[in-house]
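This report walks through a single protein chain, moving from ring contacts to helix packing and then to backbone details. Please keep the sequence and the model in view while reading.

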Amino acid sequence: MADPYSILGVSKSADEKAIKSAYRKLAKELHPDKNTDNPKAAERFSEVTRAYDLLSDAKKRGQYDRGEIDENGQARAPFGYGGNDFGGSSTGPTGATFDFGGSGIDLGDIFDGIFGGGGAGPRPGSSARPGGGGRAQQAQPARGANVAYEHLVSFTDAATLTPQRITLRDGKTVEFKLPKGVVAGQQIRIPGRGQPGPGGNGDAMVTLKIGRHPHLVRDEDNIRIDLPISLKVAISGGKVKVPTVDGAVMLTVPPKTNSGTTMRIKGRGFTTKHGERGDQLVSLMIHLPSDPAELAKLAECVSGETVGVNMGV
């Protein structure tokens with residue numbers, strides 16, 4: 001993945017509000033629900049989501065800005081650690097030895113000069129390198145490869161953070177938790193469930209997809225629904241049943257409610273990054289009966305009530 005700032009189109013000095021605004025704009029434009037025939041948009045959406053996931057976390061953003069982790073959230077190896085281009089492997093600067101395939105360069109002594117190690121003679125447990133003066137150390141055995149998976153999370157499970165189960169390639173089923181503020185395209189790491197290797201198993205990397213709901217739509221941390229109500233309820237008021245991810249609830253509609261009025265049910269949205277729940281926003285839409293006889297009867301009732309209102313009775 002490229003630099004997360006450039007992916008979101010913001011500067012490195014951008015504040016949390018600017019980063020969130022940029023993500024919202026791109027997420028709405030690239031969301032898979034709006035680009036069902038464009039796989040590149042889905043890939044771009046996943047990339048944007050991963051960038052926002054990193055930059056919206058103050059701790060991760062600080063680590064990235066300081067060069068401690070890369071754009072994928074993985075720890076960066078400082079100079080002198082990990083693999084190198086000289087045919088050997090290296091470890092830490094203190095008490096460490098370096099093998100550069102016969103170059104005769106002893107970076108251990110260089111680090112000794114920096115960190116006060118003295119650099120005189122081999123350390124205990126190290127072996128002298130014939131003719132080179134360096135100290136040789138066997139490379140650490142490699143871990144097994146990571147294994148990629150995709151997992152479809154139901155809309156309701158994503159909103160309520162219901163634990164998920166996935167069957168791995170070895171036939172074993174494992175359970176994992178969804179992160180707070182979960183979004184489509186986000187990756188979950190299951191340690192030690194990848195390919196085996198001499199240095200241990202790799203990890204299972206699970207990319208999440210979030211399914212659609214027949215009535216509910218996600219709007220950031222909130223959930224929206226267009227709910228049909230009868231003209232009688234709109235005029236006189238009443239209670240209506242509203243589906244939510246936590247089960248149906250009864251909503252009280254006040255008298256003289258106009259079509260398009262939005263009412264809020266608190267705490268019935270998605271779980272945010274901070275752990276609280278968003279809300280459900282219910283847009284009331286007046287629904288007229290299709291039967292002509294019922295419609296005529298309703299029109300007569302409405303006409304009579306209108307007259308009564310005008311007369312002040």
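## A buried ring and its partners

Phe-270 is buried, with a relative accessible area of 1%, where buried means under 20% relative accessible area, exposed means over 50% and partly exposed lies in between, computed with a 1.4 Å probe on protein chains only. Phe-155 is buried as well, at a relative accessible area of 6%. The ring centres of Phe-155 and Phe-270 are 5.2 Å apart and their planes stand at 90 degrees, so the pair is edge-to-face; rings of Phe, Tyr and Trp (its six-membered ring) are paired if their centres lie within 6.5 Å, and planes under 30 degrees apart count as stacked, over 60 as edge-to-face and the rest as tilted. Phe-155 belongs to helix H6 (residues 155-160) and Phe-270 to the loop between strand S14 (262-265) and strand S15 (280-287), so the pair ties together parts that are 115 residues apart in sequence.

The ring of Phe-270 also has the charged end of Arg-218 sitting over it, 3.8 Å from the ring centre, a call that requires NZ of Lys or CZ of Arg to be within 6 Å of the ring centre and within 35 degrees of the ring normal. A further case is Arg-169, whose charged end sits over the ring of Tyr-149 at 5.9 Å from its centre.

## Basis of the model and overall make-up

The model is predicted, and local features need pLDDT of at least 70, side-chain atom pairs count only at pLDDT 80 or more, while totals for chains, interfaces and linings use all residues. Residues are numbered from 1 along each chain as its sequence is written, and side-chain values use heavy atoms, with hydrogens and water left out.

The secondary structure of the chain amounts to eight helices and 15 strands, taken as DSSP runs numbered from the N terminus (helices are H or I with at least four residues, strands E with at least two). Of the chain's 313 residues, 35% count as buried. Among contacts between residues at least 6 apart in sequence, 49% join residues at least 24 apart, a contact being heavy atoms within 4.5 Å.

Helix H2 (16-30) has 15 residues that, at 1.5 Å a residue, should span 21 Å, and its end C-alpha atoms are 21 Å apart, which agrees; the expected span is 1.5 Å times one less than the number of residues. The buried residues of H2 are Ile-19, Ala-22, Tyr-23, Leu-26, Ala-27 and Leu-30. They cover an arc of only 130 degrees around the axis, which puts them on the same side of H2, the arc being that of the directions from the helix axis to the C-beta atoms. An α-helix has 3.6 residues a turn, so residues three or four places apart point the same way. What covers the buried residues of H2 includes H1, H3 and H4, while the face turned away from the buried side carries the exposed residues Lys-17 and Lys-25.

The structure holds three aromatic pairs. One of them is the stacked pair of Tyr-23 and Tyr-52, at 4.1 Å centre to centre with 5 degrees between the planes. Tyr-23 lies in helix H2 and Tyr-52 in helix H3, so the pair ties together parts that are 29 residues apart in sequence. Tyr-23 counts as buried at 10% relative accessibility, and Tyr-52 is buried with a relative accessible area of 14%.

## Helix H4 and its ends

In helix H4 (residues 58-65), the buried residues are Arg-61, Gly-62 and Tyr-64. Seen down the axis of H4, these residues fall within an arc of 160 degrees, so they line one face of the helix. Their cover includes helix H1 (4-8), helix H2 and helix H3 (39-55).

Asp-57 caps the N-terminal end of H4, with a side-chain oxygen 3.0 Å from the backbone nitrogen of Lys-59. Just after H4, Gly-67 takes a positive phi of about 80 degrees.

Glu-220, a residue other than glycine, has a positive phi near 60 degrees. Glu-220 is in the loop between strand S10 (217-219) and strand S11 (222-230), and counts as partly exposed at 28% relative accessibility. Lys-256 likewise has a positive phi near 60 degrees; Lys-256 lies in the loop between strand S13 (249-253) and S14, and counts as exposed at 66% relative accessibility.

Note on methods. A polar contact is a pair of N or O atoms within 3.5 Å; within protein, one must be able to donate a hydrogen and the other to accept it, and residues adjacent in sequence count only if both atoms are side-chain atoms.
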